[in-house]
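Trainee: Could you take a close look with me at one part of this model, the place where the ligand sits? I would also like to hear about a few backbone and packing details elsewhere in the chain.

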Amino acid sequence: MKSVGIDAVEIWAGKLKLDLPETFAPEKDEDPDKYRKGLGLVNSSFPDTYEDIVTMGANAAKRLMDRKGLKPDDIGRIDVATESAFDNSKPVSTYIAGCLEQVYDEDFHHANKGERKFACIAGTQSIDDAYNWIKAGRNRGRSAIVVATDTALYARGSSGEATQGAGAVALLITEDPSMVELSTEQGYGSADETDFLKPNQQFPSVDGKRSMQVYLARMREAVEDFESVAWDMHPEDLEYIPFHTPFPGMVRKAGLLGYRHMIRDTEIEDELAGEIGRQPREGEYEDWDTYEDAIRDYMDKLKQTDMYQSWYAETIEPTLGLAREVGNWYTGSVHVARASALKHAAEEDIDLTGEQMLVGSYGSGAQAEIHAETVQEGWKEEIEQLTIDEQLAARYDLDFDEYEQVHDVHNHDMTVDVEEFTIPNGEFVFAGIGRMNERKYEYVE
Ligand code: COA
């Protein structure tokens with residue numbers, strides 16, 4: 001069996017940042033701890049005036065290709081996942097390939113290009129497409145580039161405004177990957193839901209509280225589906241669990257539910273029984289409401305236990321480090337979570353080779369997917385190449401008026417003239433609108 005997975009990753013963060021507790025919360029008359037403790041966010045990344053989903057995606061892809069010494073002929077697919085596309089016909093991948101062709105001698109004329117849509121899960125689905133293409137032997141020895149790129153903006157004054165972000169992740173999918181091998185086994189939880197959508201509009205219609213419930217329900221279905229074809233999960237078998245992270249507070253809820261599920265009928269449940277009792281079983285209760293009350297009570301106690309808290313600190317918290325600094329990147333978010341966990345392990349000198357991660361992706365509308373990943377020998381060398389810490393440190397810190405200007409610049413219904421806040425250097429930039437309303441890009445040395 002061929003081993004297929006993620007060989008390398010690059011991350012490109014929007015060049016601006018909004019400090020949520022210090023700059024945003026006071027303007028909204030909110031307690032900064034809603035961000036620091038509740039949502040678990042410190043900063044959101046925003047694109048500068050010359051950045052958009054194409055520039056961020058192309059810049060991440062270029063860095064990936066340069067670092068891996070790749071030429072366009074080595075790439076047989078470019079798939080872009082986004083919820084922020086500006087065209088219903090021409091895919092963002094053609095724009096990204098067009099940018100890259102400005103700087104390489106060869107072209108991508110023999111690469112298959114596409115765009116995937118299913119809210120935030122589309123990045124994972126694009127990895128799936130590349131995986132299947134390689135497994136089927138249709139790749140002619142070539143690799144695939146998957147770019148997950150989004151400008152996650154919400155209407156000003158809406159509740160989603162608290163969880164914005166912008167950035168791109170580029171992933172190289174290959175045979176015999178250096179970083180992680182993907183499991184053949186997958187689990188799905190998928191249903192027609194109306195929690196978050198953009199019916200031909202830029203800013204989402206979102207029922208935030210409902211989207212949180214749907215996230216957890218679909219994730220639970222996906223876990224059960226995964227276990228039916230793979231194996232019963234146990235907390236000690238999984239080094240990290242990167243989840244889709246619209247904000248870390250969401251993952252806090254998913255982590256607790258996942259832990260409760262995994263310890264059921266294990267020695268951990270027995271060990272905790274003396275302290276907090278055993279998990280309520282539905283058959284022991286007269287009706288659903290009493291059963292649910294008992295579950296809630298058990299969960300409240302479970303999250304206070306030392307055993308749960310140390311598992312969370314080791315398995316979940318390391319996946320959230322970057323999300324706290326960048327906010328929601330929609331399609332890129334679960335891939336930022338994976339990178340965050342690996343980066344943490346490299347910094348802490350944890351030996352991960354051969355260890356397993358479980359990856360939980362989610363897209364509103366709604367679908368969750370669960371698969372396992374086995375960390376490969378070259379993971380540390382790959383992850384140490386990331387420049388994300390330097391990028392985050394270099395971001396321009398917006399004041400509230402500037403934030404509103406930037407929001408307007410990226411609002412498709414507005415035309416405003418705002419000076420850039422940073423100077424582009426060795427990267428693709430937006431260069432105006434062409435005669436057929438297409439967007440144009442150029443490379444700045
Ligand atoms: N100290 C500590 N925690 C605080 C706090 C404080 N001073 N103030 C608020 N909080 C907590 C709340 O209790 C809540 O946590 P909980 O859900 O565990 O109870 C959290 O911070 C958020 O506060 P809330 O008042 O619910 O925020 P909100 O009304 O702005 O809504 C979202 C939050 C996520 C629903 C909203 O930002 C949204 O719609 N986002 C877009 C949709 C989305 O991301 N969905 C996720 C699934 S993909």
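Mentor: Let's start with a lysine, Lys15, which counts as buried because its relative accessibility of 18% falls under the 20% cut-off. Please keep in mind that we are looking at a predicted model. Lys15 is part of the loop that runs between strand E1 (4-13) and strand E2 (16-19). What does the side chain of Lys15 make a polar contact with? The partner is the side chain of Tyr50, at 3.2 Å.

Now to the ligand, the part you asked about. How many residues surround the ligand? There are 20 of them, and the closest are Asp31, Lys34, Lys209, Ser211 and Lys253. Two of these lysines come up again when we turn to individual atoms. The side chain of Lys209 has an N or O atom 2.2 Å from an oxygen atom of the ligand. For Lys34, an N or O atom of the side chain is 2.6 Å from a ligand oxygen.

Which helices supply at least two residues each to the shell around the ligand? They are helix H2 (33-39), helix H6 (208-229) and helix H7 (248-263). Helix H2 gives the most, with five residues. By class, the residues of this shell comprise seven charged, seven nonpolar and six polar.

A search of the whole structure turns up one cavity of 30 Å³ or more, and the largest cavity holds about 30 Å³ of space. Which residues line the largest cavity? The lining is made of Val9, Leu171, Met179, His335, Arg338, Ala339 and Leu342. Helix H12 (residues 333-347) contributes the largest share of that lining, four residues. Sorted by class, the lining has five nonpolar residues, one polar and one charged.

Between Gly365 and Ala366 the peptide bond is cis, with omega at about 0 degrees. Ala366 belongs to the loop that links strand E11 (356-363) to strand E12 (367-375).

Asn200 is not a glycine, yet its phi is positive, at about 50 degrees. You will find Asn200 in the loop between strand E9 (196-197) and strand E10 (205-206). Is Asn200 buried or exposed? Its relative accessible area is 74%, so Asn200 is exposed.

Asn437 likewise has a positive phi without being a glycine, here about 70 degrees. This residue lies in the loop between strand E14 (427-433) and strand E15 (439-444). Asn437 counts as exposed because its relative accessible area is 63%, and the cut-off for that class is over 50%.

Definitions and conventions: Residues are numbered from 1 along each chain as its sequence is written. This is a predicted model: local features need pLDDT of at least 70, side-chain atom pairs count only at pLDDT 80 or more; totals for chains, interfaces and linings use all residues. Side-chain values use heavy atoms; hydrogens and water are left out. A residue is near a molecule or strand if one of its heavy atoms lies within 4 Å of it. A polar contact is a pair of N or O atoms within 3.5 Å; within protein, one must be able to donate a hydrogen and the other to accept it, and residues adjacent in sequence count only if both atoms are side-chain atoms. Ala, Val, Leu, Ile, Met, Phe, Trp, Tyr, Cys and Pro count as nonpolar, Asp, Glu, Lys and Arg as charged, and the others, Gly among them, as polar. Buried means under 20% relative accessible area, exposed over 50%, partly exposed in between (1.4 Å probe, protein chains only). On a 1 Å grid over the protein atoms alone, a cavity is a set of points where a 1.4 Å probe fits but cannot get out, and a pocket is an open set with protein on both sides within 12 Å along at least five of seven lines; lining residues have an atom within 4 Å of a point. Grid points are joined across faces, edges and corners, and a volume is the space filled by probe spheres set on the points.
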